[in-house]
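Please look over the following model with attention to its strands, its charged pairs and a few individual positions. The report below takes these topics in turn.

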Amino acid sequence: MSGPQCIKNPPTLNSTCGAGNLQDIGGLSSYVTGSVDSKLAILLISDVFGYEAPNLRKLADKVAAAGYLVVVPDFFYGEPLDREKHDIQTWLKDHGTDKGCEDGKAVVEHLKSNGVSAIGAAGFCWGGLVVSKLAKYESTIGAAVILHPGPIAVDEINEVKVPIAILAAENDHIFPPDQAKLLDEALSAKSEIESFVKIFPGVEHGWTVRYNIEDESAVKSAEEAHSDMLNWFTKFIK
């Protein structure tokens, strides 16, 4: 899951951005926003740049405004990818998605032990790979949304057991449209779960969280994907 698009347009991280606050959730420092009394939670899993990305936290606040408790954990334990400091291949080996899945399960268990009754998960790039793994466990999450993921194989998607939406970019070397179509065919054959696959025209990998806020077209495309994500959770979590 590496390549120029994976690390293009890195965000300027800001540890204090957003309307929420930091809490320890399942052993991970997490950005938490929304009503603590909500029985419905959404887990947002970041790309390689981590949970201090302003656009990601802005999205978390937007999801929270729809009535959810939203949790954005730091799956990288204070060490998001820094292009100046890290070799990306080494960093990816040190921050594997299998470990991310186990950490995600711990976050979910924490939320359920505190009264949350239904949980959806959405992941971006690296986080999309983690969500694809969490989606194999229907006792863990109730619905999944994957946005411009890393390379997910058909064999992996065949193990999914919860309703899943995949939002892909037309211009994506990491998860090209042909791969999205293959996964769509595989999911369509799984009559036991609902699925939705959409390829967004004219956008690149990372467009939903690494867009330029001053680019009206980029913002519009990102917000369309955000609406699709929220609609999926409204259908299966609310």
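Is strand 7 (residues 164–171) mostly covered or mostly uncovered, and how many of its eight residues are buried? Strand 7 is mostly covered, with six of its eight residues buried, where buried means under 20% relative accessible area, exposed means over 50%, and partly exposed lies in between (1.4 Å probe, protein chains only). Strands (E, at least two residues) and helices (H or I, at least four) are DSSP runs, numbered from the N terminus.

The model is a predicted one, in which local features need pLDDT of at least 70 and side-chain atom pairs count only at pLDDT 80 or more, while totals for chains, interfaces and linings use all residues. Residues are numbered from 1 along each chain as its sequence is written, and side-chain values use heavy atoms, with hydrogens and water left out.

**Strand pairing**

Strand 7 pairs in the parallel sense with strand 6 (residues 143–147) over four bridges, two strands being paired if DSSP finds at least two bridges between them. Within this pairing, Leu-147 has Leu-167 of strand 7 as its bridge partner. Strand 7 also pairs in the parallel sense with strand 8 (residues 195–204), over seven bridges, and here the bridge partner of Ile-164 is Ser-195 in strand 8. Between strand 7 and strand 8 the chain passes through helix 6 (residues 177–188), giving a right-handed β-α-β crossover; right-handed means that, with the strands pointing away from the viewer, the path from the first strand over the helix to the second runs clockwise.

**Salt bridges**

Side chains of opposite charge can pair when their charged atoms come close. Over the whole structure, a search finds eleven salt bridges, each defined as a side-chain nitrogen of Lys or Arg within 4 Å of a carboxyl oxygen of Asp or Glu. Three of them are listed here.

| Salt bridge | N to O distance |
|---|---|
| Asp-47 and Arg-210 | 2.6 Å |
| Lys-136 and Glu-156 | 2.9 Å |
| Glu-194 and Lys-235 | 2.9 Å |

The salt bridge between Asp-47 and Arg-210 links distant parts of the chain, 163 residues apart, with Asp-47 in the loop between strand 3 and helix 1 (54–65) and Arg-210 in the loop between strand 8 and helix 7 (216–236). Asp-47 counts as buried because its relative accessibility is 5%, and Arg-210 counts as buried at 9%.

For the salt bridge between Lys-136 and Glu-156, the partners are 20 residues apart, Lys-136 lying in the loop between helix 4 (126–134) and strand 6 and Glu-156 in helix 5 (residues 154–157). Both Lys-136 and Glu-156 are buried, and they belong to a network of salt bridges that also links Asp-98, Lys-133 and Glu-159.

In the salt bridge between Glu-194 and Lys-235, Glu-194 lies in the loop between helix 6 and strand 8 and Lys-235 in helix 7, so the pair ties together parts that are 41 residues apart in sequence. Glu-194 counts as partly exposed, because its relative accessibility is 41%.

**Two further positions**

Asp-103, in helix 3 (residues 97–113), counts as buried at 10% relative accessibility. Leaving aside neighbours within four places in sequence, Asp-103 is in contact with Leu-28, Phe-75 and Tyr-77, contact meaning heavy atoms within 4.5 Å.

Gly-34 is found in the loop between strand 2 (28–33) and strand 3 (40–45), and counts as partly exposed because its relative accessibility is 37%. Not counting residues up to four places away in sequence, Gly-34 touches Ala-64, Tyr-68 and Leu-69.
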